[in-house]
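Below is a short briefing on a two-chain model, for use alongside the sequence and coordinates. The points are grouped by topic.

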Amino acid sequence: MEDMLFYDRLQFAFTITFHYIFPQLTMGLSLIIVFFKGQYLRNNIEKYNDAAKFFMKIFAINFTMGVVTGIPMEFQFGTNWAKFSELTGSVIGQTLAMEGMFSFFLESSFLALFIFGEKLMGQKLHFLTGFFVFLGSWASGWFILATNAWMQHPVGYEILDNGKFVLENFTSLFSNPWLLPAFLHNQFASVVTSSFVVASIGAFYILRNKNLEYGKLFLKTGVIFGTISSLLVAFPTGDWNAKNVAKYQPASFAAMEGIFETEHAGAEIVLIGQPNMQEKKLDNKIAVPNILSFLTYQDWSRQIPGMDQFKKEELPDNIPALYYAYHIMVGLGTIFIGVMFISAFFLWKKKLYQLKPLLWVIMFLVPFPYIANLTGWYTAELGRQPYLVYGLLRTSEGISPTVSSGNTLFTLLGFVALYMLLGLLFLVLVGKTINEGPKHQTH
Amino acid sequence: MELFWYIAIAIVLAVFFILDGYDFGTGIIHLFLAKKEKDKEVIAKSAGLFWDSNEVWLVAAGGMLFMAFPTFYASVFSGFYLPLILVLWLIIFRAIGLELRSQFKFQMWKDIWDVSFGVSSLLLALFFGIALGNIVRGVNLGGVEKGVSVYEGHYFFLPLWDSSFSPLSKTPGVIDWFTIVIGIISVITLAIHGANWIVLKTNSTINTKLKKVVFNLNSILAVFTIFSLVIWQIINPNSLNNFIDNPYLMVFPIIYLTGLIGLFFIKKIRKDIYSFILSCLLIIGGITSSLASLFPVLLPSVNAVNDPLTIYNTSAPEYGLSVALNWGIIGFILISIYLIIQKRLLGGKIDAMDYGH
């Protein structure tokens, strides 16, 4: 039973991690593509249209990867988490089915039209199809976050005698106080990823002295989108989420902030330190007193419950991983704000394109927003442990009763091998597309 | 309300097999019959343009099943664990085969992805047929051994095969001689469907040959159909009861027969769209007849200890189903609009369309 649970969790963690590399780019990038296409419609300068089409190629590769790694996610609810599906299907089946119906059809139908239909449709309709692709991909985020929000903070349900969750109030799935902050935080974070991708391709072209005109456009656009979005990720949406965790999952809040002991005169904020689970303290701690209380409750001396206030069964089962995930996300987010604001400043001073060291930094930062997005999700998911539905259904109670650990390990190994191949092909294709650069098509 | 969602999901599944079915069939034809590079390219393109919007129907069916029949979803997806994961892997190979072939210009690269597309399409067609065979045959619900359930009565786990390879075994596996026959029927049906699609959508040089191929495959299909009906009677002597009790259900087998008989006249059919419609009828008729024969059962039990899964004992409660009806109708209207727009813009032959990069 123990290792069944372990392999089921590992397989889900691995497949969702790999999957989420792709949607986090496509959601943000679709917004930037719509922006380029809109600019072209407004001022009729060809390079904006080329930029839109160039990033649509990158979008298409990511979209394909997202689709083929996304179907296993939907299936795994049934294959590996059958008991969970059986017990909660009548609630979260709603949001998952709506995702298929309202977002995937929209996204896939209009993507084909956007890629193949420019000449057939004319520019205005082409812009519109791009907009629908954007709408579809953000709707997908909305329904997934609605599903996750219900698992983090269940609302609008009733539990029957046989343990099944039954939907009682449909609209409460979408008015869940967890949903909107989590959705906005997630969407802006995906805009950060795509801003860095756009900006770093731009920096790459400028540093290589190739496709200069496009390089400058990409860099400028990436920096502007990145400055706004990296700020919005932290404030107000990140702040808003942290307050939700403190309110609805106080045990997780203590664990992710690394508060082992309750301080009565206000909680400190931990910047650096390693959780020492044996001695229940942080090693090599650097912390600033009272800040956490202020940030969370705008009250310097407000008491925040530490992990000593909770029973072991209520605390997340991997506290160090949760703590690191959260701190990596916050640390990286802070760095993004710094780099983007410095870049925006030099852009405003018209010196950015000549400032080679900064361009190198932007170019090499591109993996880090991916890491920040993923560790953000790890924070949410590890923080929800040991529950699938917070406070109500334990993770160990959700696995498929009939699938043995040997079978799960077999499929996990298969997924690892297959996804390594996919990852390699993905890098080759994206590299090739970037190397070819945006082409000006002559009609 | 259960009945409504049952029909809705059946429709979505049928649409999936019609749409993605031609992709699978195209892959099978591509694997065996496309020899010239020009044909290979255009045939791959006739699937490559559409696979991802077709696959969405599978995702939609999965989501609706999860929402409307959670117990069935949980039981079947965990019970058919291995074949389902294999299908997921094949879907990945099919997709990358189509998407990657045009990325580089040298022949070896194209050959690799052509095989990936062709073989995975063939196996997918086979697996989906085997899946239908399993649903019709039933499984050892509750994992009964010596008259005692090992699991809760609505759970099971199927090995890929049982040492006897017999559908009459007390613990049948995924693959046995009955499900293999249904798998072969599925491969032949989808190959016919794919060939019709290629003729309809492309100007490939093998189009005339394909009509002959369809005729021959259809003759084999007729033989297999009769054979499968006979062995189905052996496995489940009650399989015709629903049709005897409710004669109007005969409309489904008649749909299938219309397709089967019609396709014998393929060489006389002037408009390619008509032959494509006939193979659609084969698919619709095949799926609906199987479902109608089982109704209201979704998955029969091969033991006497546990009851079969039906649309009534696996469904979500009334409130959720009726709420979903509201958004479901809006969704269906929207999807129809997308389909019409897509059809208008991407209709006709696709040879000249600029696919890839």
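From the N terminus on, chain B of this predicted model runs through its elements in the order α-α-α-α-α-α-α-α-α-α-α-β-β-α. That gives chain B twelve helices and two strands. Chain A, for its part, comes to 15 helices and six strands.

**Overall form of chain B**

- The radius of gyration of chain B is 21 Å, close to the 21 Å that the globule rule gives for 357 residues, so chain B is as compact as a globular protein of that length.
- Along the principal axes, the C-alpha atoms of chain B fill a box of roughly 60 × 45 × 40 Å.
- Of the 357 residues in chain B, 54% are buried.
- Among the contacts in chain B with a separation of 6 or more, 74% are between residues 24 or more positions apart.

**Overall form of chain A**

- For the 443 residues of chain A the globule rule gives 22 Å, and the radius of gyration is close to this at 23 Å, so chain A is as compact as a globular protein of that length.
- The box filled by the C-alpha atoms of chain A is roughly 70 × 50 × 40 Å, taken along the principal axes.
- Buried residues account for 52% of the 443 residues in chain A.
- In chain A, 74% of the contacts between residues at least 6 apart in sequence join residues at least 24 apart.

**Contact between the chains**

- Chain A contributes 51 residues to the contact and chain B contributes 55 residues.
- On the side of chain A that touches chain B, at least two residues each come from helix 3 (46-79), helix 4 (82-116), helix 5 (118-121), strand 2 (165-167) and helix 15 (405-436) of chain A.
- Helix 4 of chain A gives the most to that side, with 23 residues.
- The side of chain A that touches chain B is made up of 28 nonpolar, 17 polar and six charged residues.

**Helix packing across the contact**

- Helix 15 of chain A packs against helix 5 (residues 81-100) of chain B at an angle of about 10 degrees, and their axes are 11 Å apart.
- An angle under 35 degrees counts as roughly parallel, and helix 15 of chain A and helix 5 of chain B are therefore roughly parallel to each other.
- Helix 15 of chain A makes this contact through Asn407(A), Thr411(A), Gly414(A), Leu418(A) and Leu425(A).
- Helix 5 of chain B makes it through Tyr81(B), Leu82(B), Ile85(B), Trp89(B), Ile92(B), Ile96(B) and Leu100(B).
- By class, the contact between these two helices has nine nonpolar, three polar and no charged residues.

**Largest nonpolar core**

- The largest nonpolar core has 247 residues, and Phe55(A), Ala61(B) and Met64(B) touch the most other members.
- Helix 4 of chain A gives the most to this core, with 18 residues.
- Leaving out residues up to four places away in sequence, Phe55(A) touches Leu29(A), Ile32(A), Ile33(A) and Phe36(A).

**Phe156(B)**

- Phe156(B) lies in the loop between helix 6 (107-137) and helix 7 (177-201) of chain B.
- Phe156(B) counts as buried because it has 30 C-beta neighbours inside 10 Å, where the cut-off is 20 or more.
- Not counting residues up to four places away in sequence, Phe156(B) touches Thr402(A) of chain A and several residues of chain B, among them Ser75(B), Gly79(B), Val139(B), Asn140(B) and Tyr151(B).
- Phe156(B) and Ile85(B) are 71 residues apart along the chain, and 16 Å separates their C-alpha atoms.

Note on methods. Residues numbered from 1 in each chain as written. Chains lettered and ligands numbered in written order. Predicted model: local features only at pLDDT ≥ 70, side-chain atom pairs only at ≥ 80, totals over all residues. Contact = placed C-beta atoms within 7 Å. Helix = DSSP H or I, 4+ residues; strand = E, 2+ residues; numbered from the N terminus. Nonpolar A, V, L, I, M, F, W, Y, C, P; charged D, E, K, R; others polar. Core = buried A, V, L, I, M, F, W, Y, C linked by C-beta atoms within 7 Å. Buried ≥ 20, exposed ≤ 12 C-beta atoms within 10 Å, placed from the backbone. Rg over C-alpha atoms; globule rule 2.2 N^0.38 Å. Axes fitted to C-alpha atoms, helices over the stretch in contact; angles between N-to-C directions. Parallel < 35°, antiparallel > 145°, perpendicular 65-115°, else oblique.
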